[in-house]
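Here are my notes for a colleague who has not looked at this entry before. They are set out as numbered points and can be read beside the model.

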Amino acid sequence: MNFKKILVAVDTSENSYRAVEYVGEIVGSSPGFHITLFMVVRPPSRDLFPDDASYQERIKTLKGEAKAFLERAEQKLREKGVADENINSLYQDATGTSIAQNILDFQQRGLFGTVVVGRRGVSKAEEFLFGSVSNKIVHYAKNCTVWVVE
Amino acid sequence: MAAEVRELVKRYRPSLSLASYGKIYVDTTSFMEIGYGDVIAIGGLHYLVLRDEAERSYGIEDPKYWVKRCIVLETGDRAILKLVFHESFDLKLGNLTVRCYRSPEKEARILDLVRGDMRFMQGRSERDAAGNVVRIIEVISGKRLDQAVYEMEEDHEAYFFKDFPNILEKFIGSCEAIGFLHRNGELHGDIRRDHLWIEHRTGRYRWIDFDYTYDFAESPFGLDIFGLGSLLLFLAGKGIYRLQELEEMGLDERSITSFSSNDFSLLYVNRIANLKKIFPYIPEELNNVLLHFSQGAEVFYESVDEFLADLRPCLNHLKEAQK
């Protein structure tokens with residue numbers, strides 16, 4: 001694993017944006033680093049919507065928000081001095097039941113030596129009911145360094 | 001229209017006498033208008049509406065206007081018709097708020113999935129003339145499990161050693177049923193004490209009401225698992241306990257003051273999860289399962305299988321103690 005190959009797992013939250021800022025600050029124009037912004041989104045269940053139109057509208061909104069976030073995050077990295085050719089971003093629909101597992105699968109396949117996540121700080125009850133992507137990543141990550149940005 | 005209904009009743013159920021005869025509905029969109037004496041015609045059968053179903057919560061009757069208690073005129077069978085009502089609302093669970101959605105499509109899908117599996121309520125869905133997914137549910141002759149347990153007259157110790165092992169065995173079967181839903185990518189969505197029934201004739205435990213759903217990104221089954229834990233807490237304790245109940249039970253002050261926040265439920269922060277402090281004869285391994293749902297828990301069950309892996313040995317232990 002190459003620790004200079006950094007996977008920043010993001011959603012559209014401000015915590016994620018802070019993680020991107022932090023990575024930009026640390027890496028800046030240092031040579032040899034490559035940063036991948038990776039967003040895994042679980043499309044909402046169709047069951048939550050009374051009709052197809054409202055469901056498709058929500059999907060469209062979510063994709064638009066994801067795209068806007070990734071553009072804003074890339075821009076922030078460039079502002080911090082990271083060269084354009086050392087940044088790329090990817091969007092993926094979640095598969096299975098765990099976004100954290102999707103991120104770690106991608107990390108293993110891409111031989112990323114560093115994984116960065118933002119964390120909003122959830123209570124125990126929230127973690128039980130809703131789960132926590134960052135906690136799962138800390139718990140299950142192998143062969144890499146994990147940075148958790150709060 | 002009333003004459004048509006009168007004619008239908010006379011033809012199929014001549015012994016029935018109604019106080020009023022209403023209309024025949026093939027489109028159930030305006031479910032609030034449909035009431036006693038009306039007939040819903042769907043799937044080739046006629047369902048005479050007797051009343052709206054209601055849920056009792058904290059002593060208050062909460063009418064469910066979209067759920068109709070019916071008689072099938074052609075067969076005389078009782079049936080419950082659940083009409084389409086898309087709603088979303090905030091559900092308060094202790095200090096947390098969860099956005100909840102009612103999905104007729106989800107319930108119809110689960111009814112298909114569990115057809116013939118008597119661990120669940122049975123039924124089918126039909127589309128009415130307007131395309132609404134109407135669920136036609138077979139009535140379970142039975143009683144809420146929690147009521148049955150609560151009404152047992154013996155004290156806790158007698159209940160725990162005599163009745164609870166058999167209840168736990170059946171409850172484990174009910175948990176396996178929820179595991180089956182999860183393996184098929186479905187969640188129950190509303191695991192509460194009043195949604196597990198004992199069928200009178202067979203004694204079987206059966207889950208009801210599958211139309212709630214939620215949007216959880218990373219822990220899709222977390223709420224179901226927490227529901228199972230809360231139910232287990234009730235069954236093991238033969239009730240729910242808060243500090244004031246302990247005072248009423250006559251527990252000494254030293255015991256009462258020994259409770260810390262870690263002994264209480266993770267979500268319902270006034271409910272005691274550490275039952276062993278009240279009933280010292282509760283085995284350690286069962287109490288440890290309960291403590292996974294307490295504020296002191298450091299690890300949580302992520303699947304029904306994990307929960308059952310800890311719970312099944314408790315049953316073996318209790319059965320051994322019974323011999």
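1. Is B:Glu87 buried or exposed, going by its C-beta neighbours? B:Glu87 counts as exposed, because it has 10 C-beta neighbours inside 10 Å and the cut-off for exposed is 12 or fewer. The residue sits in a loop of chain B, between β5 (78–82) and β6 (88–93). As a distance check, B:Glu87 and B:Ser260 lie 39 Å apart from C-alpha to C-alpha, with a sequence separation of 173 residues.

2. Please keep in mind that this is a predicted model. For the complex, the predictor reports an ipTM of 0.84 and a pTM of 0.91. Chain B has a mean pLDDT of 93, and 99% of its residues reach 70 or more.

3. Some overall figures for chain B follow. The chain has 323 residues, of which 37% are buried. Its secondary structure consists of ten helices and 13 strands. Along the principal axes, the C-alpha atoms fill a box of roughly 70 × 45 × 35 Å. Among contacts in chain B with a separation of 6 or more, 58% come from residues 24 or more positions apart.

4. Chain B is assigned two domains: domain 1 covers 2–83 + 121–138, and domain 2 covers 142–322. Taken over C-alpha atoms, the centres of domain 1 of chain B and domain 2 of chain B are separated by 35 Å.

5. One pair to look for is B:Leu93 with B:Leu96, its bridge partner in β7(B).

6. A hairpin in chain B is formed by β8(B) and β9(B), with five residues between the strands. The two strands, β8 (residues 123–127) and β9 (residues 133–138) of chain B, run antiparallel and are joined by five bridges. B:Gly123 is placed opposite B:Ile137 in β9(B). Within the hairpin, B:Gly131 has a positive phi near 85°.

7. Chain A contains an open, parallel sheet of five strands in the order β3-β2-β1-β4-β5. Its edges are β3 (87–93) and β5 (145–149) of chain A, and because each has a single partner strand, one side of each lacks a neighbour in the sheet. From one strand to the next the twist averages 25°. Six bridges connect β1 (residues 2–10) of chain A with β2 (residues 34–41) of chain A, and these strands run parallel. A:Lys5 faces A:His34 in β2(A) across this pairing.

8. Which residues bring the chains together, and how many are there? The contact involves 21 residues of chain A and 22 residues of chain B. On the chain A side, α3 (99–110), α4 (124–130) and α5 (133–140) each give two or more residues. The most comes from α4(A), with seven residues. By type, the chain A side divides into ten nonpolar, five polar and six charged residues.

Conventions. Residues are numbered from 1 along each chain as its sequence is written. Chains are lettered from A and ligands numbered from 1 in the order in which they are written. This is a predicted model: local features need pLDDT of at least 70, side-chain atom pairs count only at pLDDT 80 or more; totals for chains, interfaces and linings use all residues. Helices (H or I, at least four residues) and strands (E, at least two) are DSSP runs, numbered from the N terminus. A residue is buried if 20 or more other C-beta atoms lie within 10 Å of its own, exposed if 12 or fewer, and partly exposed in between; C-beta atoms are placed from the backbone. Domain bounds come from an automatic or database domain assignment. pLDDT is the predictor's confidence in each residue, from 0 to 100. Two residues are in contact if their C-beta atoms, placed from the backbone, lie within 7 Å. Ala, Val, Leu, Ile, Met, Phe, Trp, Tyr, Cys and Pro count as nonpolar, Asp, Glu, Lys and Arg as charged, and the others, Gly among them, as polar. Two strands pair if DSSP finds at least two bridges between them. Axes are lines fitted to C-alpha atoms, for helices over the stretch in contact, and angles run from 0 to 180 degrees between N-to-C directions.
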